Amino acid sequence: MKRFEGKVALVTGGSRGIGQAIAERFAAEGARVCVAANEESVHATAEAMRRTGATVVSVVVDVTRKDEVQAMYERVAQELGEVDISVQNAGVITVARLEDMTEAEWDKILAVNTKGVFLCCQEAALRMRRGGKKGRLINTASGQARQGFIYTPHYAASKFGVLGITQSLAKELAPTGITVNAFCPGIIATDMWQYNDAAWGKLLGNYQPGELMAEWVANIPMGRAGTGADVAGLVAFLASDDAAYITGQTINVDGGMFMS
Amino acid sequence: MNLFDLSGETALVTGAGSGIGQRLAVGLAEAGANVACLDLPGSAGLGETVERIAALGRRALRLDGDVTQAADLQRAVARCEADLGPLSVALNCAGIANATAAEDMPEAQWQRMLSVNLNGVFLSCQAEARVMLPRRRGAIINIASMSGSIVNRGLLQAHYNSSKAAVIHLSKSLAMEWSDRGLRVNSISPGYTATPMNSRPEVAEQVKQFEADTPLGRMASVDELVGPAVFLASRAASFVTGVDLIVDGGFVCW
């Protein structure tokens, strides 16, 4: 029997990168999956997963809007059954010097990365609690939830915020058996890191594409960037029955970049 | 007897990606119709619906759209007519269900239920009738529920029950309005039906109660709604309009 057979898993930010890898892992282990993202390409991601025989719903959603978030979980309930595992992974970043950081930029990063995580946790947890489910809420934080990087105060704040949400909700939900955990990816080879490499590279010196990331990766004890699959393995564990007694925790998945 | 033959008919089915809508879309094709299948973008099952219809040797069309959006429906009907031919059968199945105690229900949850289950059916009927009326030919079938006639003991779904009662009366109202222009409008009210929603382990105990409360002692298979739908869509029902056909294993009779 596959680990997640009969389970329904939802992953926001599921169209690409880490979210896609997590969604694919859940599907491979038998879950029915909803991939959600704020871009139409999420439907193509789902279609590719269906070709492997998976049952997948795709939803275009803005996680900063409560009505859209509620409608998403409702739709999942209708098409796949009530959600058992909800992974709040949608996240965005910009890189800017203090003098260039706009208020709109600050608000947007906090809205998606922090408020969006809360809104999804809220709706998923209410549904799990109503149904008596010992569900799993798993939040994507970042190495920047351990230590702020330069030129990204908004992103660092948003990811530290994710840890706060995780711990607070873990306490409130502990009596129900619903667990809430977070994870901190380090440098993972995704579209976001392609942006990071270029954006930081421009502000920190005269770097050619790939150079800055290579320099940072060289400082990772394990000597390589992570992959979506590296992250998906941890998330699958946190979602499994084996992790039933783990809640309110934040686990780094970063090749030893930060040690706790 | 070919009273029930739908060969040459063009049907549109909303909510065709799962549950009753999926089975009925295939059922209309089994009776001979070509079928346009509408569901929300990203539907897990819509591709399967289309494949099953094509495997029967009928033409199928996949349509993405939201029944709460009039423009989506207008576009769907137009594409259906362009690709498959003049629309003559419409089966409006798109709907949602959930439960919350009435005193705790957020207004948004109430509104959303009405928006999908009632407004969605009205907007679907409107878009379909606008192409059917000029040709003076068409059969529209709306999926209501026995919950539109009775209240399910113990289920906290005032919004759902109300929406389905409204679908029944909406269907009768449209039947009256369009009766002299060649359109028939009826509703089907399923009782407890074995859809994916009712096959989940967490509702297993409730399902036992549903079965015990049903005179025939079990839930309906979605297969058992095909006959009623094909009947209402076909020439066999040429003098039937404004009817709510309850298909419930006898539930409402005791």
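Modeller: A crossing is left-handed if the near helix is turned anticlockwise from the far one by less than a right angle, and right-handed if clockwise. Keep that in mind for this predicted model, where local features need pLDDT of at least 70, side-chain atom pairs count only at pLDDT 80 or more, and totals for chains, interfaces and linings use all residues. Residues are numbered from 1 along each chain as its sequence is written, while chains are lettered from A and ligands numbered from 1 in the order in which they are written.

Biologist: Which hand does the crossing of α3(A) and α4(A) have?

Modeller: Right-handed. Helices (H or I, at least four residues) and strands (E, at least two) are DSSP runs, numbered from the N terminus.

Biologist: Why is α3(A) called oblique to α4(A)?

Modeller: The axes of α3(A) and α4(A), residues 103–130, cross at roughly 40 degrees and come within 10 Å. Axes are lines fitted to C-alpha atoms, for helices over the stretch in contact, with angles from 0 to 180 degrees between N-to-C directions. Under 35 degrees counts as roughly parallel, over 145 as roughly antiparallel, 65 to 115 as roughly perpendicular, and the rest as oblique. That makes α3(A) oblique to α4(A).

Biologist: Which residues make that contact?

Modeller: From α3(A) come A:Lys66, A:Val69, A:Gln70 and A:Tyr73. From α4(A) come A:Leu119, A:Cys120, A:Glu123, A:Ala124 and A:Arg127. Contact here needs C-beta atoms, placed from the backbone, within 7 Å.

Biologist: How many of these residues are nonpolar, polar or charged?

Modeller: Five are nonpolar, one is polar and three are charged. Ala, Val, Leu, Ile, Met, Phe, Trp, Tyr, Cys and Pro count as nonpolar, Asp, Glu, Lys and Arg as charged, and the others, Gly among them, as polar.

Biologist: What do α3(B) and α4(B) show for angle and axis distance?

Modeller: Helix α3(B), residues 70–84, packs on α4(B) at about 40 degrees, with the axes 9 Å apart. The crossing of α3(B) and α4(B) is right-handed. B:Ala70, B:Leu73, B:Gln74, B:Val77 and B:Glu81 of α3(B) meet B:Leu123, B:Ser124, B:Ala127, B:Glu128 and B:Val131 of α4(B). Six of these residues are nonpolar, two polar and two charged.

Biologist: What makes β3 and β7 of chain A edge strands?

Modeller: Look at the order first: β3-β2-β1-β4-β5-β6-β7 (chain A), an open sheet of seven strands with parallel pairing. Strands β3 (56–60) and β7 (250–253) of chain A each have a single partner strand, so one side of each lacks a neighbour in the sheet. The twist averages 20 degrees from one strand to the next.

Biologist: How do you know that β2(A) and β3(A) pair, and what is the count of bridges?

Modeller: Pairing takes at least two bridges found by DSSP. Strand β2(A), residues 32–37, and β3(A) have five bridges, in the parallel sense, so they meet the rule. One bridge partner pair is A:Val35 with A:Ser58 of β3(A).

Biologist: What is the strand order in chain B?

Modeller: Seven strands form an open sheet, β3-β2-β1-β4-β5-β6-β7 (chain B), with parallel pairing. Its edge strands, β3 (60–64) and β7 (244–247), each pair on one side only. Neighbouring strands are turned by 15 degrees on average, direction ignored. Strands β1(B), residues 10–14, and β4(B), residues 89–92, run parallel and share four bridges. There B:Val13 has B:Leu91 of β4(B) as bridge partner.

Biologist: Which strands does α4(B) lie across?

Modeller: Helix α4(B), residues 107–132, lies across β1, β4, β5 and β6 of chain B, at about 175 degrees to β4(B). In chain A, helix α5 (153–173) lies across β5, β6 and β7, at about 160 degrees to β6(A).

Biologist: What values does chain B have for the radius and the rule?

Modeller: Chain B has seven helices and seven strands. Its radius is 17 Å, close to the 18 Å that the rule gives for 254 residues, so chain B is also as compact as a globular protein of that length.

Terms used
Two residues are in contact if their C-beta atoms, placed from the backbone, lie within 7 Å. The radius of gyration is taken over C-alpha atoms; the globule rule is 2.2 Å times the number of residues to the power 0.38.
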